[in-house]
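Hi everyone, thanks for coming. Let me put today's model up on the screen, and then we'll walk through it together.

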Amino acid sequence: MKRLFSLTALAVVFGCGCAQAQYSDGSIKIGVMNDMSGTYSDLSGQGSVIAARMAVEDFGAAAKGMKVEIVGADHQNKPDVGSNVVRTWIDVDKVDVIVDVPTSSVALAVNEIVRDKNKVFLVSGAAASDLTGPKCTPNTIHWTYDTWALANGTGKAIVKTGGDTWFFLTADYAFGHALERDTAAVVEKNGGKVLGKVRHPFPGTDFSSFLLQAQASKAKIIGLANAGSDTINSIKQASEFGITQGGQNLAALLAFITDVHALGLQTAQGLIMTEAWYWDLNDANREFAKKFAPQFKGVYPTMVHAGVYSAVTHYLKAVEALKSDADGKAIVAKMKEMPTDDKLFGKGTVRADGRNIHPMYLFEVKKPAESKAAWDYYKLRATIPADEAFRPLADGGCPLVKS
Amino acid sequence: MQRVAQATEDHAVRARSEAIAFVVMACALVIAPMFAYPVFLMKALCFALFACAFNLLIGYVGLLSFGHALFFGWASYVGAHAAKVWGFPPELAILSGTATGAGLGAIVGALAIRRQGIYFAMITLALAQMMYFFAIQAPFTHGEDGIQAVPRGKLFGLIDLANQTNMYVTVLVIFLGCFLLIYRIINSPFGEVLKAIRENEARAVSLGYRTERYKLVAFVLSATFAGVAGATKALVFQLASLTDVDWPMSGEVILMTLVGGLGTLFGPVVGAFFMVTLENYLTTIGQWVFVVQGVIFVVCVLLFRRGIVGELAQILRVKL
Amino acid sequence: MFELLGISSQALFGQLLIGLINGSFYAVLSLGLAVIFGMLNIINFTHGAQYMLGAFAAYFLLLYAGLGYWWAVIIAPIVVGITGIIIERLFLQWLYKLDHLYGLLLTFGLALIFEGTFRNFFGSSGLPYSVPPTLQGGQNLGFMFLPNYRAWVVVFSLAVCLTTWFVIERTKLGSYLRAATENPTLVRAFGINVPRMITLTYGFGVALAALAGVMAAPIYNVSPQMGANLIIVVFAVVVIGGMGSIMGAIVTGFGLGIIEGLTKVFFPEASNTVIFIIMAIVLLIRPAGLFGRAT
């Protein structure tokens with residue numbers, strides 16, 4: 001809940017003739033910025049700081065003679081607040097790398113500043129696929145997920161399993177429109193039909209009118225092109241109006257396990273969504289979750305937290321190899337050159353446009369009877385292999401990609 | 001005869017103390033960048049100008065506008081759009097923002113002036129909220145993203161504003177210029193009529209003044225200066241976002257003016273610097289900022305109505 | 001059935017009904033504001049926060065005391081009403097002699113304090129509060145599925161509004177209230193405790209806001225910001241209706257709810273702003289408001 005604070009500086013520099021690394025200002029400073037008190041504080045928030053800390057510990061920075069500090073800040077989901085924090089961080093506090101930043105509007109603003117000041121930006125929380133498209137920079141890597149991957153995963157997989165008529169409930173702002181546009185394109189490309197759409201004001205509180213229209217359309221799938229509390233409210237009210245009981249399915253185009261937790265399985269059951277990581281997929285993930293949750297008031301890690309862990313790990317590897325943290329472009333180039341490998345995401349690569357490539361997963365929310373423990377919410381419907389999960393390199397429109 | 005002489009003498013005394021204060025303020029602002037982060041100072045200056053614009057309305061005409069963010073924010077959007085999309089040089093971008101403030105001020109003023117007191121406040125709030133929703137939906141504002149990467153450009157084609165010092169000097173000159181303009185407006189025959197309207201509108205009407213017209217002109221002037229502040233801010237931060245048109249922003253400028261001192265010349269400036277500094281230090285406490293603001297409101301209204309500068313002026317027995 | 005501008009009558013009636021439900025909240029809230037303004041000449045900006053407090057009170061009653069919705073409907077308004085009385089005694093009473101704008105600023109500050117405090121403890125995501133079991137489920141009316149709870153909201157709001165109107169306009173207590181608004185000194189001379197009436201009136205207005213909050217808890221999110229944006233719309237409703245009459249506030253509230261509902265069908269993107277646009281139009285044609293007395 002704090003907007004700016006320093007966590008413990010992690011290591012002591014061993015001055016005994018170890019690797020002679022020149023770190024700007026003597027240490028590597030990692031800035032984790034996200035929503036610490038608002039609607040996204042559970043899916044990122046303090047948890048991302050914890051994930052970064054765990055990454056630094058597991059990397060063994062201390063033993064390698066690297067002094068790493070982590071600072072956190074709250075951007076309150078506002079681009080002006082986020083810009084100010086990042087600018088002050090870089091100019092005054094000598095932060096070297098900015099990590100996480102959910103809320104695409106903030107991420108896009110930070111993207112520009114980090115490029116101008118030649119630092120590194122590792123995006124885990126934000127969704128805008130433009131970050132590896134027209135707005136790509138040599139200083140930014142988009143780590144965890146983006147709107148294209150979500151649209152592709154959810155849209156395509158649902159159409160292929162029979163959900164071929166869609167109605168969109170869209171938040172009337174740029175992000176909602178983008179989500180709707182990407183998903184509609186995927187739906188139609190795979191043989192489905194979009195029966196209609198309605199735009200609700202953003203932010204919305206009462207979706208009853210719009211849900212009624214969705215119900216009247218008789219589409220098999222109601223696509224929720226919104227996020228955060230809008231998604232939660234739409235799902236709650238859809239349940240109240242008997243929409244899911246009436247045979248229509250809701251597809252949440254951007255939702256996290258923390259949203260399912262807030263809704264409860266009774267309301268959220270049957271919801272279909274795409275995520276990049278789930279704590280219960282394998283032993284390494286489970287172990288991470290068990291270590292993470294007690295530090296974050298019992299909340300289990302989301303894909304955003306895992307992305308922060310993975311990104312920070314890879315960043316430290318690159319800095320270690322270069323023996324310097326000063327030149328953002330050089331570090332990112334190194335990160336693209338080295339294949340990624342960590343215990344949470346396994347092996348992967350970072351593409352020329354800054355897109356981190358890994359598989360995506362399609363999940364369905366379990367019924368209450370099927371869940372055996374707290375946070376046991378998902379059943380895996382499909383795995384989308386890494387080479388199909390993200391927008392093809394040539395289609396992005398990123399100026400860094402030589403076509 | 002004696003009363004006129006007394007009034008003239010008061011005028012001279014007043015001008016002296018205000019002139020001294022102005023010189024002190026200007027000097028302090030000139031050397032400030034050596035001690036403080038220039039971006040922080042520029043932010044404070046933009047808000048100081050915004051607060052001075054707001055104070056023109058509440059302090060000297062007695063009209064509480066609860067929607068001043070409308071002018072500030074939309075001028076910010078238009079200025080940013082002019083600089084980024086239309087490629088205007090910075091001085092024209094700021095002028096575009098100013099014109100936006102003036103235009104919107106005329107429209108909103110014409111509607112709001114029809115009611116008085118509390119209704120006036122509620123109407124300004126409601127209209128500002130309506131324009132907030134427009135800002136979310138209008139394509140050119142890019143909604144949540146805001147207008148980003150606004151180029152600062154070259155002032156008059158010569159001075160590169162990407163240089164922090166150049167930008168600071170520009171902002172300082174704009175601020176001081178507008179401040180002097182506001183001073184001139186307040187201490188003019190027009191300004192005297194405004195103060196008369198604040199004291200007793202019925203009497204002013206009975207004296208033959210078309211008070212509606214005066215109020216509207218004051219409103220438009222206030223909105224115009226708010227526009228200057230907004231457009232300048234867009235260039236300083238190279239960003240125009242929804243925060244600038246949202247109602248908490250209207251609340252902030254009211255708080256700044258209240259804390260600094262309603263109806264004093266320097267009150268808004270002091271109040272703006274106070275609040276910007278406070279928020280800087282309060283960043284560690286997250287959402288408690290709202291609570292602190294609320295407490296300051298309550299305390300000021302109950303106990304501290306004159307504000308910092310007002311109390312100071314009272315103690316020193318000068319006009320500030 | 002019939003089609004109107006491409007919308008079937010089914011959808012239309014469904015939306016009208018929903019508009020009526022939203023209108024209920026507008027009506028109860030603007031009623032509270034009108035009552036407070038009538039007596040105290042203060043615009044209670046804290047009204048939105050007190051609406052939120054009512055919803056949270058219901059949530060706490062359920063969570064900590066195990067008391068369900070029906071208890072909350074009675075207890076929450078009383079509890080929040082008492083906090084209102086405390087506010088009036090502590091803060092507002094000093095402002096009656098000053099410019100009314102100070103009252104607006106003070107209540108604005110109080111609203112910030114309440115909302116900021118709750119935001120800190122409860123975040124912005126919202127807390128769950130389920131529909132009471134007796135009101136769950138719904139009726140299939142043929143043209144839409146009407147949840148029972150929403151029907152209850154309309155009926156109960158109407159009852160509350162009409163009762164309040166009756167008390168103020170048709171009973172002796174109400175006549176004392178109205179007299180004290182017009183001429184407090186004279187009414188005091190008759191031996192009626194005017195300050196106490198003022199305090200109780202404020203408490204009552206606040207209780208109305210809290211009652212709306214309890215009604216909102218099961219259908220809207222119980223979150224610290226639930227009142228903030230709503231209060232501005234209610235201000236617009238009050239400006240449109242004019243502060244002159246209680247009945248005016250009620251009628252305007254329900255009416256605007258319906259108009260907003262219709263806008264959601266024909267022009268959904270404008271549904272957030274339609275009330276403000278109407279306010280602008282009313283200001284041009286009838287500045288005193290539809291039911292207001294020209295001052």
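Let's start in chain A: the centres of domain 1 and domain 2, taken over C-alpha atoms, are separated by 30 Å. Domain 1 covers 4–145 + 281–353, and domain 2 covers 148–275 + 360–384; the bounds come from an automatic or database domain assignment.

Quick housekeeping: this is a predicted model, where local features need pLDDT of at least 70, side-chain atom pairs count only at pLDDT 80 or more, and totals for chains, interfaces and linings use all residues. Residues are numbered from 1 along each chain as its sequence is written, while chains are lettered from A and ligands numbered from 1 in the order in which they are written.

Back to those domains of chain A: 12 residues of domain 1 are in contact with 12 residues of domain 2, contact meaning C-beta atoms, placed from the backbone, within 7 Å.

Now, chain B. It has 13 helices and 4 strands, which are DSSP runs numbered from the N terminus (helices H or I, at least four residues; strands E, at least two). Its C-alpha atoms fill a box of roughly 60 × 45 × 40 Å along the principal axes. Among its contacts between residues at least 6 apart in sequence, 77% join residues at least 24 apart.

And where chain B meets chain C? The contact takes 34 residues from chain B and 32 from chain C. On the chain B side, α5 (117–137), α10 (247–260) and α12 (288–303) each supply at least two residues, and α5(B) gives the largest share, 14 residues.

Technical notes. Two residues are in contact if their C-beta atoms, placed from the backbone, lie within 7 Å.
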